[in-house]
Every structure is written in structure tokens, then in C-alpha cells.
Amino acid sequence: MPRSFNYAVFVVMAFFFACFFLMPIWSTLEVAFLGVKGQFTLDYLAGIFRSPMYREGLANAFIIGVWTTLGCLLLSLPLAVLYHRFEYPGKNVLNGLMLLPMILPPFVGAVGVRAMLGQAGAFNSLLIKLGLMDPSHPKDWLGEGQMVGVIIMTTLHLFPILYLNVTASLSNLDPALDEAAANLGCPPWRRFWRITLPLIMPGVFAGGTIVFIWAFTELGVPLVFDYTRVTSVQIYNSLRDLSDNPQPYALVVVVMLATVLIYLVSKYLFGRSHVLGGGRNVVAREPVRLGPVWAWGVTALFGGIILIAMVPHIGVVLLSLSKGWYQSVFPEGLTLQHYRDALSHEMTLNAVSNSLKYASLATLLDVVLGLGIAYVNVRSRLPARHLLDVMAMLPLAVPGIVLAFGYLAMAREGAPFHWLMLGEDPVLLMVIAYSVRRLPYVVRSATAGLQQVSPDLEDAAQNLGAPPWRALLRVTLPLITPNLIAGGLLAFAFAMLEVADSMVLAQQAGHYPITKAIYLLLHSLGNGPYLSAALGVWAMIFLGVTLLGAALVLGKKLGALFRA
């Protein structure tokens, strides 16, 4: 492509990034650091740390983030090593099933957990039937262990992200290093700690950073568990009082600064591991064939963890199929009526329509921007081309609730981007928010496709007289279409089920997307929880098919979509 095209893409992306990534952050900073007379002040920020309530929320969010990351690491690291090094029954099938925990937003899974662990839930009913609990004083498992429940739910949802990253890192290692150490008498455990782990640390860091930031700012699960003593819920609840109150903006700034600081410290401590070398895997490691007992043991381990991770999904499915599930071990009869009602209910019909509109427009924008960014980054020699990739990936490292609050700040009355509200309709804000948050998936997917297609094909087309744009459209684009479809489907699916932007930006019933409808139905009377579960199952099926298709196209490169 001509150099002018590369510069045009760079300018367009820089403008888009400045307006819809930096500006939301700046709008929040402006309110948090400017006093009533327009002077710079730290009073609002100091007020956050003077408030016992806010300090407790930040401490709890940090605890959730740390324990979730550790839990994901404890689950994913051993499983990734076992998958990489050994042969066992059902290996490929189990590896595909590892994606299943990601097919349901964790706050929807919390709906199923409530049905099983609530005071009138299945677990208490079982204990009462066995005579192990007083029916007049059922234990409130969720009320007494809200933080533990949030950590467990978030861990079970996010550990596949770390598993994908570690598996991809292991596949890129040169086995000659490990073999050389073995020939010198180094035992397996010592080889793992001294050679393998340091070399895969960038992958561990990449996945762990996403997991921590995601857990640190998780909004949906604490809301479903009614756990209000955490920063994300405190920010969400503050939406009722934004007119003249700068404290919520200051709280958002604290969260943003905390995530940036943690990211930079982790990057300094672990992100430089690549200097140890190791290169890429040029000779595939031959998996070790285990004996029957050990092989089936590994299969059982994978299957057991997958089954545990699917417990929330099972709870949602059972709730969606039940005629009633109150103070009983199992649902009181099964029905498919809730699935029909979920797609005919006034709120859900409107919510599905809104989500389709928001997600479709956002995905279209992502595909156009993502293809341009990937092409310039892979094919051009533009000096600042790698900056485009950094721009596109930064939204993964910034909490969703921070960006959502920033969009709200930049579009408030009197702000420069107030016109984005189109009166009271947040469609433009929602499309932009979804697009910015999901652009990394399209960029990474398109980049992977372009790296697999030799530029010699385009050169040959141009030598035969085809102009550069025609060579791109007729030669390169068809070859990377599967990657664009995979990235676009992921962007679309995750946009359809976005939580933070949906909960914060959609304030009127006529503009609610699916996730907000699920949350409101869960707390409504009558058959609301059952409709909420049925809508969650529809979402689970949709996202499951999408992830399966993306995994078939991208293979081990799927993990790169979740790296900051």
C-alpha cells in the first residue's frame, strides 16, 4: 500500500483513540481534580482515602483481584503443563472444553449459584432433608460468604484466559533447552522452576494482568450477590447522585491509578523475562505417553475441574427449565415455557433488539479499524506502526467501569461530547464504548491472519498490474477472512454480553441491552428469575458457538486475544 494510506490509518486511529479512549479518561480526571472555582485540588481524592467506606471497598476489590488471580494461576498452570507435555485420553476434546467456563458472563452464573446456595436453595434443602440443618434457621451461605462467592465465581470464569496464555507460551518454547538440562542431570521439577517458568513468565504476566484487572473491577457478580462493600458496586450505586458530587469521579480515578500502578509494577517485575531468551519452538515437543493409570488420572483431573467450573452453568440451566425451585433439592417439574417467554417478554424483546443494534454497529467499526491497524502494523515500515497496536490493546488494561464512567462524564450536559447522547438515546455512546473495549480481539485476530499470508502474493498481483488496493481486496482479504470472522464474532459476542458499559450507560428502560435486562429480571417478582435464567442460557448458547468457531479458526493463537 502507498505510504499515504499507512499515514492515513495512523492519523484516523490516533484521532479515534484520542477522542474515545483518552477523552473519557480526561473527562473523569477533570471533574475529580478541579474545584468549584476551576482550581486544581486533591481534596476529592483525599476524601476517598478519608472515607472508611471507600477504603474498605478498595481493600475488598484488591483482595478479590489477588485471590482470583492466584486461583486462576493454581488452576491453569498445572493444566497447561500437563496438556503441553503429556498424552492422555480425550486430550483434544478436553482442551476444547476448557473454553466452556467462558461461555457465560459470571454474573449470569451467579444467578444459578443463588438458586443452589440461597437460604431456600437446593443445598440447604438437601441438608434439611438429611436432618443436618434446622428448617426454621437455614444458613445464609451467600450472605455470610459474599466475598468468597465472588472470588470463586470470578475464578471459575476467568481461569481459561490464563490457561490459553500459558499454553500458547509453552508451545513457543524450544524443547532443546529442557532436553539439554535433562542431559546434564537436572531433575524435572528443577527444570520447570529454573528454565520453563522464567521463559513463559511473559505469557503468565499477560494473562494474569487481564485476570487481575477484570476481577478487581468486576461489577456483575458483586451486584448479583448483593455485595455492596466493593469499589465497583460503590461506583455503580453513585450513578444516582452525579450532578454536583465529584466523589464518584474521584473514586473512579483511584481505581484507574491503582490498576495502572499494579500493571506497571507487574511489568517491571515479570514483563522483562523475555530477555532470558529461548526463541520460538522450531521443533515440536513429542508428548510423553503416560501409563494407563496416570493417563486416566490426568483425564479425570481435567474433567473434574471442567465439571466444577460448569456448576454455575448447570444451575442456570436447571433454573431456566424449572416450573418452580423453592425449598427443594431439585426443580419442581420441568418446562420450556420460560425460553418462549424470555423471547416474547416486552423488556427482553426490546433488550435483544438493542443489543443486536449496539453490537452489530460496534463490530462493523471494529472490523474496519482492526483490519487497517493490523495491515499497517504487519505490512508497512511506518516508524510508529507498533504504536497503533499498543493503542488498540490498551483498553484491555483499563477497567471497563472506568471507561464507562468516563463516557458518562464526557457526554454530560455542557461537556464537549454531549451531542453523543442524541437527546436521551445512548446508542452512539454504547456503540463507541463496545467498539473500543472489543477492538483488541479484531486487531489480534487480523494480525495473526496477515502474519500467515506471505506478502509475496500481493507483490505478485501488483507485478501483474493490479493496484495495491485491488491486490489487498482480491488476494489478501479473502485469505484472512476466516480470521476476521473469528475476531469479529468474538467482538460481537462479548459486546452483546458486555456488563459494565451496559449497566452504566443505559439509564432508561427503552435502551436497556441484554445484560441489564437479565439483572433487572432477576430482581423482579413472579417468574422474573426464571426468565432471567432462560435469557442467560440463550446468551450462553450464542457465546459458546462463537467461541468454538473462533477456536477452530485461530487454534492456539486464541490466547493472544486476551493479552494486554
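How do the residues of the lining of the largest pocket divide into nonpolar, polar and charged? In this predicted model, the lining of the largest pocket holds 27 nonpolar, six polar and five charged residues.

**Largest pocket**

- The volume of the largest pocket is about 1100 Å³.
- Its lining is made up of 38 residues. Those nearest the centre of the pocket are Leu73, Leu77, Phe192, Trp193 and Leu197.
- Two or more lining residues come from each of α3 (52–85), α10 (188–216) and α13 (247–270).
- α10 gives the largest share of the lining, with 13 residues.

**α3 with α10**

- The crossing of α3 and α10 is right-handed.
- In the contact of α3 with α10 there are 17 nonpolar residues, five polar residues and one charged residue.

**α3 with α14**

- The crossing in which α3 passes α14 is left-handed.
- On the α3 side, the contact is made by Leu75, Leu79, Leu82 and Tyr83. On the α14 side, Val298, Leu301, Phe302 and Ile305 take part.
- The contact of α3 with α14 consists of eight nonpolar residues, with no polar and no charged ones.

**α17 with α22**

- Helix α17 (residues 346–379) and helix α22 (residues 468–496) have axes that come within 9 Å and cross at roughly 135°.
- The two helices, α17 and α22, are therefore oblique to each other.
- α17 and α22 make a right-handed crossing.
- From α17, the contact is made by Ser355, Leu356, Ala359, Ser360, Thr363, Asp366, Val367, Leu371, Tyr375 and Arg379.
- From α22, the contact is made by Leu472, Thr476, Leu477, Ile480, Leu484, Gly488, Ala491, Phe492, Ala495 and Met496.
- By residue class, the contact of α17 with α22 has 13 nonpolar, five polar and two charged residues.

Technical notes. Residues numbered from 1 in each chain as written. Predicted model: local features only at pLDDT ≥ 70, side-chain atom pairs only at ≥ 80, totals over all residues. Heavy atoms only, no water. 1 Å grid on protein atoms, 1.4 Å probe; cavity = no way out; pocket = protein on both sides within 12 Å on 5 of 7 lines; lining within 4 Å. Points joined across faces, edges and corners; volume = space filled by probe spheres on them. Helix = DSSP H or I, 4+ residues; strand = E, 2+ residues; numbered from the N terminus. Nonpolar A, V, L, I, M, F, W, Y, C, P; charged D, E, K, R; others polar. Axes fitted to C-alpha atoms, helices over the stretch in contact; angles between N-to-C directions. Parallel < 35°, antiparallel > 145°, perpendicular 65-115°, else oblique. Left-handed = near helix turned anticlockwise from the far one by under 90°. Contact = heavy atoms within 4.5 Å.
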